[in-house]
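Hello,

Here is the structure I promised to pass on to you. Have a look at it first, and then read my notes below.

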Amino acid sequence: MKREQASDWSLEFEKAIATSGLADDISRCISCGKCTGVCPVAAISPSYNPRQIIREVLLGNYERIVQSEEIWRCFWCANCAATCPSEIKYPLLMLYIRYFSMSHGAGKKHVDPFIRFVTKARQEAVTFQPGKPARLDEIRALRSSLGLSPLRIVSDDGIREYQKLFEITGTDEWLKNYQETPEVPINLSYLEGRILVQDDSNSGSEREA
Amino acid sequence: MEEYQRLSLIDPQRVANLPTPDKLFLFLSCTGSIEYPGTERAVRIVGEKLGIEFVESVDQTCCTGYMLTCNAVNPQLALASTSRNLSIPQEMGLDVGVFCNGCYGYLRELAHLLHSNPAFKEVGDKANEALGREKFRGHLKIYHVQELWYKQLEKLTSLVKRPLTGLKIAAHYGCHYLANKDVAIDDAQYPTFHEEIYKALGATPVVYKERRACCGYSVGRGFTHREETVLPHITNKMLSAAAAGVQLMTTTCPGCNTALDREQKTITARGNAVSIPVIDLSQLIAFALGAPVEQLGFKANTTPVLPVLERFIK
Amino acid sequence: MLNEGVLVIGGGVAGMQAAIDIAASGREVALVDKDKSLGGHVKEYGALFPDLTVGSTLVKQKAQIIKENSKITVMLGTEVDKLQQADGTIIASFLSSGNPKEQIFTAAVIATGFDNFNGKKYGEYGYGRYPGVITGIDFEHQEEAILKRPIKTAVFIKCVGSRDRSKGMPYCSKICCMYTAKQALELKKAQPKAQVYVFYMDIRSNFKNGEEFVRGAMENQHVKYIRGRVGKVIPTNGRLLIRAEDTLMGVPLELEADLVVLATAMVPSQSTNSLVSQVGGKLDTNGFILPIPMAESENPMSLTKGIFYAGACGFPCDVKDALNQGSAAAAGVLGYLQSNRGAAK
């Protein structure tokens, strides 16, 4: 263990966020803690602390953010944004931070469960349509009894166009990259209360105390 | 005087500015279509009673917000599909009505980003161009149906066929409507307009400790952090509602409804017995307005609804 | 009658002090206030920082001096409707019980003071909804009754309507740290067994003896200061549940209280804007009077030719500062009249 070195921080992180167009102006944060005070996740899992995450970003402690388990806990309820005296759109910041973390090969286990929804949505242009025939029959029966189409169907044109969007926005390629990129092992870990410890085994397997 | 009645922070100017449209584009919700199709039906029934015709399009796709906020797609896809989806009502010359807080929040935020950031606009414009669609111009209005219902509260009151006398109802407002502080008609911290609607329907509004706590299900944490945070959170919320004597809860988002209704089974199985039916506000209104109960799709609910509504059906 | 007189608009402590100092030189002063009595906000205050002079005592003392000075004409229940400059004079038209009248003056002091921030704008704190939630101003007005309530735990919430750009109030209201410390102390003295918490972001006690005063509250009376802005107040078990983060520990916390006091900010007074703009003065982005840069005016309280200002219409200030500014504006008026209008009659 050594003291945190300010020389390890990077201003690039804050700059990247500012140019992302999503969550500019986080330098307005006055670290008042209102966000954390109303955060439902912090209430259950106090090592997740939105105020401290903003500070990490402002100081440029990007390595700790990238490897953070905590960032994946956010419910995205926006209670923080609704109460923030400095009008910081924290959920958009969090969205960006998660993508940033992924771009460093972290966080895959928190994204993997959703890839199947994306794959299905690409085929049907609707999310969450179940695959199990019995469940589909149930839905068909209920919807029909309400005078709705048996299933919510997007037109063939609509599906074609949606698939084209996957192509032209580079999403198909993005997904391919995502799936081909292995998760980078993490060699830092945190205890509750944010005490930094060196992981001697360097295995990255014990990320949570 | 009840707590919720002592102070209203509803913005009268914003309510006054809401339209009473004849016709709106109905933006369909994936979760709604699959989990609680009765909601969509109820929206149409209430709309009909208020003289609002809802038009849909089979070309409308998923809003893509969920996949974006689960970090499972390239963010540009969400911008492009918002641009494309909103070009449909734009071509029809209609404003948009939404009945899912998720779709509402994503559409508004993404439309704002498309409109305000040239780089994002280019993504949207390029997409629409490639599909042979009009550019999204950003002028159409996006409403959540709950605010349109509140706008016509007097008319709703006059249409009540089944006064819900004595029914103790509590609100789950959902975060992604109220967080839109620039347009939401009520205070993000202590809203009261749902309680006003319950009263208009003859019911007894109940406030509970965790009424502004979120459902725990947005951005997919129900899949990734269910045991760690989501279940303890929902348990806490629902137990606080039970402690306040809540008999029925309403939502304005099929996603919230899924979390609060379906998870009660697990919460109960783990030793905290709780049984509070959770339905959409539009379903409640449609019911009070006399809609045939079989049209409201309560069969879809995990926590049975009819036991608390039965006595109002003649 | 008052053609050579000076107009002082606002009968709060700043305006009273200005009137007293101008009249002491032998000049006629008209002291105008829209209220029914002199003393502005301060007449309803209890003990004032730093020497714990009682607000009403201070106002009585100033009012007595004014009463005894025949040079000062007090015009209560009177509003200044129009204020114009013409040929080195100032023409004011008054509205008093609906009757307009016009008078000419040689100089004027604007001391229109401030309004109190409306605590109801914070839905999360429930002011106006939960009887246990009051503002610091309510505390001053009903101190005796409040200190008699059974209080096991009291919570003071600072920065209500200040340092909050989401509410359009980005500035620090300056005095709330001190009055909160004072009220916490008073509560603790009245009910030594009560646990008193003050939630703060920064402690801004930069007044003479301010630091010692706040430290005294912590060290001698064991008022607990917690760094964090309260997120939510929720009624529960007949008490008030406070949710906040202790930002020094990085820990979200909850506690139950019987009394919650919101340290509401000083906000610009409604009447300042129209008066200042009529005489070509400007307001800053927060709605307070925009001062002339220090090196460009003869007197620090100068606004435009022959017109000065004093007190909280310029920016939130404590009572001592308001008195100082009243005196400074009076000096400005007298200097202006001496050099521009000849000696006093």
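**A pair in the sheet of chain C**

C:Ala154 sits opposite C:Val196, a residue of β13(C). The two strands concerned, β12 (residues 153-160) and β13 (residues 195-200) of chain C, run parallel and are joined by five bridges. Strands here are DSSP runs of E with at least two residues, helices are runs of H or I with at least four, and both are numbered from the N terminus; two strands pair if DSSP finds at least two bridges between them.

Before going on, a word on the model: this is a predicted one, in which local features need pLDDT of at least 70 and side-chain atom pairs count only at pLDDT 80 or more, while totals for chains, interfaces and linings use all residues. Residues are numbered from 1 along each chain as its sequence is written, and chains are lettered from A and ligands numbered from 1 in the order in which they are written.

**The sheet and its helix**

β12 and β13 belong to an open sheet of five strands in chain C, with parallel pairing and the order β11-β18-β12-β13-β14. Its edges are β11 (133-135) and β14 (224-227) of chain C, each of which pairs on one side only. On average, neighbouring strands of the sheet are turned by 25 degrees against each other, direction ignored. Helix α5 (residues 176-190) of chain C packs on this sheet and touches β12, β13 and β18 (259-264) of chain C, and its direction makes about 170 degrees with that of β12(C). For these angles, axes are lines fitted to C-alpha atoms (for helices, over the stretch in contact), and values run from 0 to 180 degrees between N-to-C directions.

The loop between β12 and α5 of chain C holds C:Arg163. Its phi is near 50 degrees, a positive value in a residue other than glycine. C:Arg163 is buried, because 23 other C-beta atoms lie within 10 Å; the cut-off for buried is 20 or more, exposed means 12 or fewer, and partly exposed is in between, with C-beta atoms placed from the backbone.

A:Ala78 counts as buried because it has 26 C-beta neighbours inside 10 Å.

**Domains**

Chain C is divided into domain 1 (6-113 + 269-340) and domain 2 (117-265), with bounds from an automatic or database domain assignment. Their C-alpha centres are 32 Å apart. Ten residues of domain 1 of chain C are in contact with 14 residues of domain 2 of chain C, where contact means that C-beta atoms, placed from the backbone, lie within 7 Å.

In chain A, the assignment gives domain 1 (6-105 + 184-198) and domain 2 (109-180), and 31 Å separate their C-alpha centres.

**Between the chains**

How many residues of chain B are in contact with chain A? There are 63, and they meet 55 residues of chain A. Helices of chain B that each supply at least two residues to this side include α3 (37-50), α5 (75-92) and α13 (226-243). Chain C, for its part, has nine residues in contact with eight residues of chain B.

Finally, α6(B) is mostly covered, with 13 of its 16 residues buried.

Best wishes

Technical notes:
Contact = placed C-beta atoms within 7 Å.
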